[in-house]
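These entries record what I looked up in one structure. I began with the surroundings of its pockets and then turned to a strand.

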Amino acid sequence: MPISGMNHFTVLTNDLDATNAFYVDILGLSVGFRPDLGFPGAWLYVDGQAVLHIVAGRGVPASPRGVIDHMAFSARDLRAVAARLKEHGIEYDLRRLPTTDAWQLFCLDPNGARVELDFDAGEAAP
């Protein structure tokens with residue numbers, strides 16, 4: 001099976017505005033084209049690629065993480081991201097990978113989906 005990359009994740013939400021605010025205002029994704037699919041939602045982009053689809057109006061499962069533990073994004077400017085999260089009252093867990101010293105920041109989006117942000121090992125700690 002010739003998989004060549006990840007296309008996107010889909011997050012279910014009961015609060016489209018709060019979910020958009022988290023991914024756009026705090027994490028820096030941008031809202032882009034989304035066809036009329038007959039239900040509310042948004043497609044969020046990085047460098048012209050839709051990486052996150054948000055679907056509203058279908059409800060959120062009792063256990064929001066379900067069988068997918070988390071989604072991970074490559075990121076930059078660890079200090080600024082950590083400051084934005086703190087400013088918005090979003091708790092996070094920051095770790096260093098033992099083999100590479102790369103930074104991993106974990107937090108939850110407004111729907112309870114676990115988000116990992118991966119930063120270069122050379123970035124300064126917040």
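Entry 1. Before sorting any lining, I noted the classes: Ala, Val, Leu, Ile, Met, Phe, Trp, Tyr, Cys and Pro count as nonpolar, Asp, Glu, Lys and Arg as charged, and the others, Gly among them, as polar. I also noted that the model is predicted.

Entry 2. I looked up the largest pocket and found a volume of about 510 Å³. Its lining has 18 residues, and L27, L29, V46, S74 and A75 are the closest to its centre. By class, I recorded 11 nonpolar, four polar and three charged residues in this lining.

Entry 3. Which element gives the most to the lining of the largest pocket? I found that β5 does, with three residues. Both β5 (71-74) and α2 (78-87) supply at least two residues each.

Entry 4. I then turned to the second largest pocket, whose volume is about 290 Å³. Of the 17 residues that line this pocket, T10, V11, P64, R65 and A113 lie nearest its centre. I counted 10 nonpolar, four polar and three charged residues in its lining. The largest share, four residues, comes from β1.

Entry 5. In β1 (residues 9-13), F9, V11 and T13 point to one face and are buried.

Entry 6. Finally, I looked up the pairing of β1. The strand runs parallel to β4 (residues 49-56), and five bridges join the two. For L12, I noted V55 as the bridge partner in β4.

Methods:
Residues are numbered from 1 along each chain as its sequence is written. This is a predicted model: local features need pLDDT of at least 70, side-chain atom pairs count only at pLDDT 80 or more; totals for chains, interfaces and linings use all residues. Side-chain values use heavy atoms; hydrogens and water are left out. Buried means under 20% relative accessible area, exposed over 50%, partly exposed in between (1.4 Å probe, protein chains only). Two strands pair if DSSP finds at least two bridges between them. On a 1 Å grid over the protein atoms alone, a cavity is a set of points where a 1.4 Å probe fits but cannot get out, and a pocket is an open set with protein on both sides within 12 Å along at least five of seven lines; lining residues have an atom within 4 Å of a point. Grid points are joined across faces, edges and corners, and a volume is the space filled by probe spheres set on the points.
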